[in-house]
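Trainee: I would like a close look at one part of this model, taken slowly and with the terms spelled out.

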Amino acid sequence: MRRFPSVDAATDGSRVLAGDSPYIPCVPLEPLTRFRLLHQSPTIVATIARRPIAQVRLFEYLPN
């Protein structure tokens with residue numbers, strides 16, 4: 001594994017960014033503030049950092 005000081009330094013077109021888990025991003029992400037959770041299925045497919053990951057989540061987009 002190679003670490004970079006920033007996302008921009010790592011993405012010069014010749015590299016692919018990948019993480020260890022499909023549930024945890026390999027780069028810092030800003031929170032999505034314009035979405036509201038409407039429904040979450042009772043089926044849990046994983047638990048990451050003590051947070052259950054539902055099989056299905058349905059969100060509503062909130063415009064301005």
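Is Phe59 buried, exposed or partly exposed, and what is its relative accessibility?

Mentor: A word on the source before the details: this is a predicted model, in which local features need pLDDT of at least 70 and side-chain atom pairs count only at pLDDT 80 or more, while totals for chains, interfaces and linings use all residues. Residues are numbered from 1 along each chain as its sequence is written, and side-chain values use heavy atoms, with hydrogens and water left out.

Phe59 has a relative accessibility of 43% and therefore counts as partly exposed, a class that lies between buried (under 20% relative accessible area) and exposed (over 50%), with a 1.4 Å probe and protein chains only. Phe59 sits in strand S4, where strands (E, at least two residues) are DSSP runs numbered from the N terminus. Together with Leu32, Phe35, Leu37 and Tyr61, Phe59 forms a nonpolar patch on the surface, whose accessible area is about 540 Å² in total. Strand S1 (35-40) and strand S4 (57-61) are the elements that give two or more residues to this patch. The accessible areas come from the Shrake-Rupley method with a 1.4 Å probe, and for residues only the protein chains shown count as cover.

Conventions:
Patches are made of residues with over 30% relative accessible area and no salt bridge: like charges are joined within 9 Å, nonpolar side chains (Val, Leu, Ile, Met, Phe, Trp, Tyr) within 5 Å. A salt bridge is a side-chain nitrogen of Lys or Arg within 4 Å of a carboxyl oxygen of Asp or Glu. Helices (H or I, at least four residues) and strands (E, at least two) are DSSP runs, numbered from the N terminus.
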